[in-house]
Amino acid sequence: MTNPNEDANEAGVRVDAEANDKVIEVVEEEEPNPFKKKRKKTSAVWKDFQEVTLSDGTKKYQCKFCKDHFAFQASGCTTYLHRHIEKCMQCRLKIGVPEKRQKTLSFEADGSESGNLMTFTYDHAKVRETTSQMILYHEYPFMHMEHIFFNKFMKTATPYWQKISRVTAKNDCTSTYQAQKKKLKTTLKHVGRICITTDLWKSPGQRTQYMVVTGHYVDEFWKLQKCVLSFCNVPPPHNGVIISDALYKCLVDWEIENKVATITVDNAAYNDVALKKLKSTFHLLKKKLPLDGKLFHVRCCAHILHLMVQDGLGEIKGITDCVRDGMKYLIHSEARLIQFSNIAKQLKLPSKKLILDCSTRWNLTYFMLSVALEFKDVFPRYSERDVGFSYVPTEEEWERVENVCQFLETFNDVITIISRCEYPTSNLFLTEVWRLKKILDKNSMSELDYFSSMATRMKAKFDKYWGECNLVMALDAALDPRYKLVLIGFCFPEIYGDKSNQNIAKISTGQLEDILLHEMSNPPD
């Protein structure tokens with residue numbers, strides 16, 4: 001037997017349950033009026049929500065920030081939407097609503113036992129900025145931000161962490177770079193002169209070639225500063241015209257074409273052409289150069305020293321080959337290294353790592369020979385245990401290795417001094433060049449044939465690049481208040497010989513004052 005109430009409900013009727021006589025009242029449904037105006041939404045919450053229709057035809061409310069969906073209320077109730085805005089941290093940060101809940105306390109250490117107790121508020125914008133700096137500093141790939149365990153770690157560290165996509169990370173890094181570039185440009189506007197160094201190098205893996213341009217200047221606090229101005233791809237061919245155009249484009253981009261004092265490059269032939277063309281471009285555009293460009297082109301002292309030693313090592317190739325082949329044999333097997341190390345421990349020798357040199361870095365050849373010299377007693381003992389090891393120098397060869405190491409030790413000390421970047425070193429160049437010339441003159445007259453041929457070859461390279469007066473080197477030494485012109489009078493006779501008086505005249509007191517007055521009366525724009 002069916003229930004009359006259910007039948008009435010299905011037919012669109014309403015049962016009056018309060019009436020005792022259970023009178024059934026039939027209500028006719030009203031048709032919607034198409035001309036009736038829809039009530040306007042006045043709640044402020046609709047600025048942050050929008051109506052969307054899902055794929056199945058269901059209507060939902062969607063948060064514009066976190067993209068969460070909420071049930072559609074025909075009555076227009078917005079209480080639950082307001083509740084979401086109050087709880088959703090991402091929405092609060094986007095719309096700038098201040099957080100009303102109790103602040104979280106955090107302890108900030110200042111490097112000592114004491115620290116500062118302060119309130120903590122999560123700032124996602126600041127987190128993204130710091131993240132971009134981290135990526136740029138450590139050269140992380142952008143995909144690093146989407147790693148599962150990285151985000152799990154950050155979510156454990158702070159519940160407010162929000163995942164950063166690789167696209168967002170890339171855009172943030174670009175914004176950080178532009179902000180830092182703008183900041184550096186503002187700083188360079190207040191710099192009087194800036195010295196430029198540039199070099200080209202090739203990435204063997206990617207087969208691409210780059211040019212890096214670095215600026216050196218003294219800031220308002222009289223501290224030496226260094227900054228990379230450009231790191232760009234320069235496709236071949238690498239001739240003087242292409243290098244000159246790329247370098248001038250960088251200077252114009254940073255708005256320092258009127259502030260250039262010197263440009264330091266290596267001794268490649270295309271660099272000579274590039275700076276000659278760039279110098280003529282400056283004169284053509286009436287850009288101001290110190291002393292009419294006499295200080296413009298500077299040859300890299302470290303590169304000259306590298307060429308000198310490489311030429312010298314070519315004369316003693318037979319001495320280094322035996323040691324190099326022995327090192328290569330040992331390093332290519334972990335078992336051989338362990339056995340070699342055990343013999344060194346039995347002889348109570350210092351624990352040092354064997355070094356295999358590189359053909360493009362002479363100082364590694366020096367380190368390789370020095371380490372091998374300390375283990376010279378291990379070589380014959382190891383050959384007794386390994387019949388395949390036949391790289392045991394004789395006593396005469398070890399004596400030659402020792403002489404070469406003593407000779408190269410001075411050059412290694414010099415390259416260490418002039419390559420420092422934490423403080424100015426240009427005032428030290430003259431004394432170190434004098435030191436090298438004195439050693440080369442002495443050893444070129446050695447009774448040992450291999451030693452004299454090595455020193456003679458290096459001396460020829462020295463005279464090629466430093467045979468003429470280096471104006472920058474001399475001025476830097478003369479401006480050192482500890483020595484002034486006394487150092488020039490002491491070093492020049494050893495370096496230039498018969499031409500010393502002529503070169504000293506170029507750096508006389510009168511000319512030095514003219515140089516300083518010229519710089520003061522012709523400041524850069």
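Some ground rules. Residues are numbered from 1 along each chain as its sequence is written, and side-chain values use heavy atoms, with hydrogens and water left out. Since the model is predicted, local features need pLDDT of at least 70 and side-chain atom pairs count only at pLDDT 80 or more, while totals for chains, interfaces and linings use all residues.

Rings come up now. A pair of aromatic rings is described by the distance of the centres and the angle of the planes. Rings of Phe, Tyr and Trp (its six-membered ring) pair if their centres lie within 6.5 Å; planes under 30 degrees apart are stacked, over 60 edge-to-face, and the rest tilted. The structure has 24 aromatic pairs. One of them is tyrosine 210 with phenylalanine 231: stacked, 5.2 Å centre to centre, 15 degrees between the planes. This pair links distant parts of the chain, 21 residues apart. Tyrosine 210 is in strand E9 (residues 208-218), and phenylalanine 231 is in strand E10 (residues 224-233). Helices (H or I, at least four residues) and strands (E, at least two) are DSSP runs, numbered from the N terminus.

Next pair. Tyrosine 329 and phenylalanine 389 have ring centres 5.6 Å apart and planes at 50 degrees, so they are tilted. Tyrosine 329 is in helix H10 (residues 317-331), and phenylalanine 389 is in the loop between helix H13 (378-385) and helix H14 (395-418), so the pair ties together parts 60 residues apart in sequence. Both tyrosine 329 and phenylalanine 389 are buried. They also belong to one aromatic cluster, with Phe340, Phe375, Phe379, Tyr382, Tyr391 and Trp398.

The rule is NZ of Lys or CZ of Arg within 6 Å of the ring centre and within 35 degrees of the ring normal. Arginine 336 lies over the face of tyrosine 329, 3.9 Å from the ring centre. The charged end of lysine 181 sits over the ring of tryptophan 254, 5.5 Å from its centre.

Stay with lysine 181. Which residue meets lysine 181 in a salt bridge? Aspartate 253 does, at 2.8 Å, N to O. A salt bridge is a side-chain nitrogen of Lys or Arg within 4 Å of a carboxyl oxygen of Asp or Glu. Aspartate 253 is in helix H7 (residues 240-253) and lysine 181 is in helix H6, 72 residues apart. Lysine 181 is buried, at 14%, whereas aspartate 253 is partly exposed, at 35%.

The whole structure has 17 salt bridges. Another one joins aspartate 480 and arginine 482, also at 2.8 Å, N to O. Aspartate 480 is buried at 6%; arginine 482 is exposed at 54%. Shared partners join Lys317, Asp321, Arg324 and Asp357 into one salt-bridge network.

On a 1 Å grid over the protein atoms alone, a cavity is a set of points where a 1.4 Å probe fits but cannot get out; a pocket is an open set with protein on both sides within 12 Å along at least five of seven lines; lining residues have an atom within 4 Å of a point. Grid points are joined across faces, edges and corners, and a volume is the space filled by probe spheres set on the points.

The second largest pocket holds about 810 Å³. Its lining has 20 residues, and lysine 181 is among those nearest its centre, along with Leu136, Tyr177, Gln180 and Val228. H6 gives the most to this lining, nine residues.

There are two cavities of 30 Å³ or more. The largest has about 60 Å³, and E8 supplies the largest share of its lining, three residues. The second largest cavity has about 50 Å³. H15 gives the most to the lining of the second largest cavity, four residues. By class, that lining has eight nonpolar, no polar and one charged residues. Nonpolar covers Ala, Val, Leu, Ile, Met, Phe, Trp, Tyr, Cys and Pro; charged covers Asp, Glu, Lys and Arg; the others, Gly among them, are polar.

Notes. Buried < 20%, exposed > 50% of the residue type's maximum accessible area, 1.4 Å probe, protein only.
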